[in-house]
Amino acid sequence: MEEGQRCGRPRVAVSSCLLGEPVRHNGGHSRSRYLTDELAPFVDWLPLCPEMAIGLGAPREALRLERSPEGPRLMTRRSRRDLTPAMAELAAERTAELAADGYVFKAKSPSCGIHGIPLYAGENAVTRQQRGMFADAVIEAHPLLPVEDDGRLNDAVRREAFTERIFAHARLRELLESPWQPRDLMAFQARHKMQLLAHTTEGYRETGRLAAQAGTRPRDEVAAAYSIAFRTAMAAPTTVGRHVNVLQHCLGMIGDGLDPVRRADVAEVIASYQARRVALSVPLALLLHHARGAAATYVAEQTYFQPYPEDLRLRNHVV
């Protein structure tokens with residue numbers, strides 16, 4: 001199987017400035033090198049600058065959120081134009097038609113920020129806990145959509161988590177857009193079992209239960225229920241403890257394919273990861289090597305070992 005087929009190809013909505021487009025209020029951009037240099041070869045971008053989309057130019061007057069009895073208003077700072085109706089209309093239109101596997105927003109933007117946006121009353125910020133107006137509409141309409149901003153993607157753990165989720169969403173979307181049969185959903189679930197288990201035991205069980213019903217329930221009903229359960233499970237954060245549990249499961253499934261010395265070697269590396277002495281990539285590489293050598297196909301084909309293209313190198317950090 002080709003790497004693209006194995007990993008899926010996500011459709012990722014993104015604030016245009018993060019791809020290097022000169023659409024910011026000062027006429028510049030906020031290019032993210034992770035997005036443009038590393039992730040770009042493996043995804044299809046859906047770029048948008050909401051402020052440009054409602055007719056503002058670049059450069060343009062700066063905006064901010066202001067408190068009102070009706071809720072936050074999106075205002076120009078100097079000329080006092082109320083852009084709330086235009087932004088609300090755009091957000092309603094774009095959220096209704098959004099077909100993305102994830103969204104990367106521009107941090108600190110009154111339109112696109114996903115956290116820490118100030119809300120003003122007069123010249124004073126009364127809170128800094130708002131979302132940007134457009135980003136808030138997207139998140140409310142699509143609560144299971146993986147979302148991040150460019151600032152948080154500088155954190156290795158958040159970057160890995162977001163990237164894992166968008167590729168998982170893409171694989172599910174590609175399956176459900178195809179003329180799938182019950183056996184296809186069962187095969188999809190089988191390949192994702194260890195990846196799901198690394199996120200949540202409950203989600204692992206629920207997706208398995210729903211996949212098993214694919215031949216007895218209406219097709220659209222199963223697809224909708226499985227999609228929610230799968231995306232909910234993938235939204236649960238992984239932990240070192242959950243990874244250790246999965247690594248030990250995989251070692252057990254290789255079974256008699258390893259002699260006692262090799263099994264002890266793998267167990268020692270798993271313990272080193274648990275003690276936070278090595279990155280997750282180390283026990284994963286060793287287990288995958290032994291799974292292939294022992295012809296443990298079920299283990300070797302788990303998406304857990306390659307949830308996104310290997311070139312992204314996202315599991316090389318020590319937690």
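Let's start with the open sheet of four strands, ordered β2-β1-β5-β8, where the pairing is parallel. Strands here are DSSP runs of E, at least two residues; helices are runs of H or I, at least four residues; both are numbered from the N terminus. Two strands pair if DSSP finds at least two bridges between them. β2 (44-48) and β8 stand at the edges, each with a single partner strand, so one side of each has no neighbour in the sheet. From one strand to the next, the twist averages 20°.

A word on the source. This is a predicted model: local features need pLDDT of at least 70, side-chain atom pairs count only at pLDDT 80 or more, and totals for chains, interfaces and linings use all residues. Residues are numbered from 1 along each chain as its sequence is written, and side-chain values use heavy atoms, with hydrogens and water left out.

Back to the sheet. Strand β1 (residues 11-15) and strand β5 (residues 102-105) run parallel, joined by three bridges. V14 has V104 in β5 as its bridge partner. Helix α5 (residues 133-141) packs on the sheet and touches β2, β5 and β8. The direction of α5 makes about 165° with that of β5. For angles, axes are lines fitted to C-alpha atoms, for helices over the stretch in contact, and values run from 0 to 180 degrees between N-to-C directions. Contact means heavy atoms within 4.5 Å.

Now the other open sheet. Four strands again, in the order β4-β3-β6-β7, with mixed pairing. The edges are β4 (73-76) and β7 (124-130), each pairing on one side only. Here the twist averages 45° from one strand to the next. Four bridges pair β3 and β4 in the antiparallel sense. R64 stands opposite M75 in β4.

Next, a helix pair. Two packed helices are described by the angle between their axes and the distance between the axes. Helix α7 (residues 182-197) and helix α8 (residues 201-212) have axes that come within 9 Å and cross at roughly 175°. α7 and α8 are therefore roughly antiparallel to each other. The classes: under 35 degrees is roughly parallel, over 145 roughly antiparallel, 65 to 115 roughly perpendicular, and the rest oblique. From α7 come L185, M186, Q189, K193, L196 and L197; they meet T201, Y204, T207, G208, A211 and A212 in α8. The contact of α7 with α8 has seven nonpolar, four polar and one charged residue. Ala, Val, Leu, Ile, Met, Phe, Trp, Tyr, Cys and Pro count as nonpolar, Asp, Glu, Lys and Arg as charged, and the others, Gly among them, as polar.

The largest pocket holds about 460 Å³ of space. Of its 24 lining residues, V157, E160, A161, P237 and T238 are the closest to its centre. On a 1 Å grid over the protein atoms alone, a pocket is an open set of points where a 1.4 Å probe fits, with protein on both sides within 12 Å along at least five of seven lines, and lining residues have an atom within 4 Å of a point. Points are joined across faces, edges and corners; a volume is the space filled by probe spheres set on them. Which elements give two or more residues to this lining? They are β8 (147-149), α6 (156-177), α9 (219-235) and α10 (240-254). α6 gives the largest share, seven residues. By class, the lining has 12 nonpolar, five polar and seven charged residues.

The second largest pocket has a volume of about 400 Å³. It is lined by 27 residues, and R24, H25, E51, S109 and P110 lie nearest its centre. α3 (50-53), β3 (63-66) and β6 (117-121) each give two or more residues to that lining. Its residues divide into 14 nonpolar, five polar and eight charged.

Last, three loop residues. L144 sits in the loop between α5 and β8. Leaving aside neighbours within four places in sequence, L144 contacts R165, H169, I228, R231 and T232.

Most residues other than glycine have a negative phi, and most peptide bonds are trans. P59, in the loop between α3 and β3, is joined to A58 by a cis peptide bond, with omega about 5°. K108, in the loop between β5 and β6, has a positive phi near 65° and is not glycine.
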